[in-house]
Amino acid sequence: MSVKECHHHKGKKHKLWRRIFWGIVIFAFIVLLTVLIIWAILKPSKPTFILQDVTVYGFNATIPNFLTSSFQVTLSSRNPNDKIGVYYDRLDTYVTYRNQQVTYRTSIPPSYQGHKEEDVWSPFVYGTNVPVAPFNFVGLSQDQTNGNVLVLVKIDGKVRWKVGTFVSGHYNLYVRCPAFITFGPQSTGIALGKNAVKYQLVQRCTVGV
């Protein structure tokens, strides 16, 4: 083979690889564009969360600047989309008072929520001698004396959307559910035995993604 023929052969091979490369790029672009168009048409809506009830098994703030508490919360989640599923890959539940976390985090097992489906979870969240900032502890003591304590049941998590066979990347999920816990004569709770009080709330939560 002459030098001229060798260069010609290499040129044809280079053109072939270049065509293959650009073919892959164009195919990937078309697939991505199709997914984006479908995504824009479907417009996925955030799941809705409702705090159904809270059962208080313990709420002890007798030691200054420390709180020991135990709750069982019932949360319902609904997927409002009729063509999009939701993967809940991580859900951590905990309770805060005046923006300070006062319980440990409890993990809810990962799950998949289909179109228009609803799930209900009832995790226990608790904390033993959890430090409370002095200014927050003063407010907590006053609120408890007044018979009305506002806490937030929070869920932090990671979700993915499923459209047909396409599954999106991870999105952060932030759920915030206010819960009024009443004590003393004005308590609205239902006694369950000696040490538990259940509060029926049916409180809609704010959801951020």
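Visitor: Where does I26 sit?
Guide: This is a predicted model, so we're talking computed geometry here. The place of I26 is in a helix covering residues 3-42, and that helix is α1.

Visitor: Is I26 buried, partly exposed or exposed, and why?
Guide: The relative accessibility of I26 comes out at 48%. Buried would need under 20% and exposed over 50%. Because 48% falls between those cut-offs, I26 counts as partly exposed.

Visitor: Which residues make a nonpolar surface patch with I26?
Guide: That patch takes up about 700 Å² of surface. Besides I26, its members are F21, W22, V25, F29, I30 and L33.

Visitor: What span should helix α2 have at 1.5 Å a residue?
Guide: Helix α2 runs over residues 134-146, which makes 13 residues. The expected span uses one less than that number.

Visitor: Why are the buried residues of α2 said to be on the same side?
Guide: The buried ones are N136, F137, G139, L140 and D143. They sit on the same side of α2 because around the axis they cover an arc of only 160°.

Visitor: Which strands do the buried residues of α2 pack against?
Guide: P134, F135, T145 and N146 are exposed on the other side of α2. The buried residues, for their part, pack against β1, β2, β3, β4 and β9.

Visitor: Is N99 buried or exposed?
Guide: N99 is found in the loop between β3 and β4. Its relative accessible area is 72%, and the cut-off for exposed is over 50%. So N99 is exposed.

Conventions: Residues numbered from 1 in each chain as written. Predicted model: local features only at pLDDT ≥ 70, side-chain atom pairs only at ≥ 80, totals over all residues. Heavy atoms only, no water. Patch = residues over 30% accessible without salt bridge, like charges linked within 9 Å, V, L, I, M, F, W, Y side chains within 5 Å. Areas by Shrake-Rupley, 256 points an atom, 1.4 Å probe, with all protein chains shown as cover. Salt bridge = Lys/Arg side-chain N within 4 Å of Asp/Glu carboxyl O. Helix = DSSP H or I, 4+ residues; strand = E, 2+ residues; numbered from the N terminus. Buried < 20%, exposed > 50% of the residue type's maximum accessible area, 1.4 Å probe, protein only. Arc of directions from axis to C-beta. Contact = heavy atoms within 4.5 Å.
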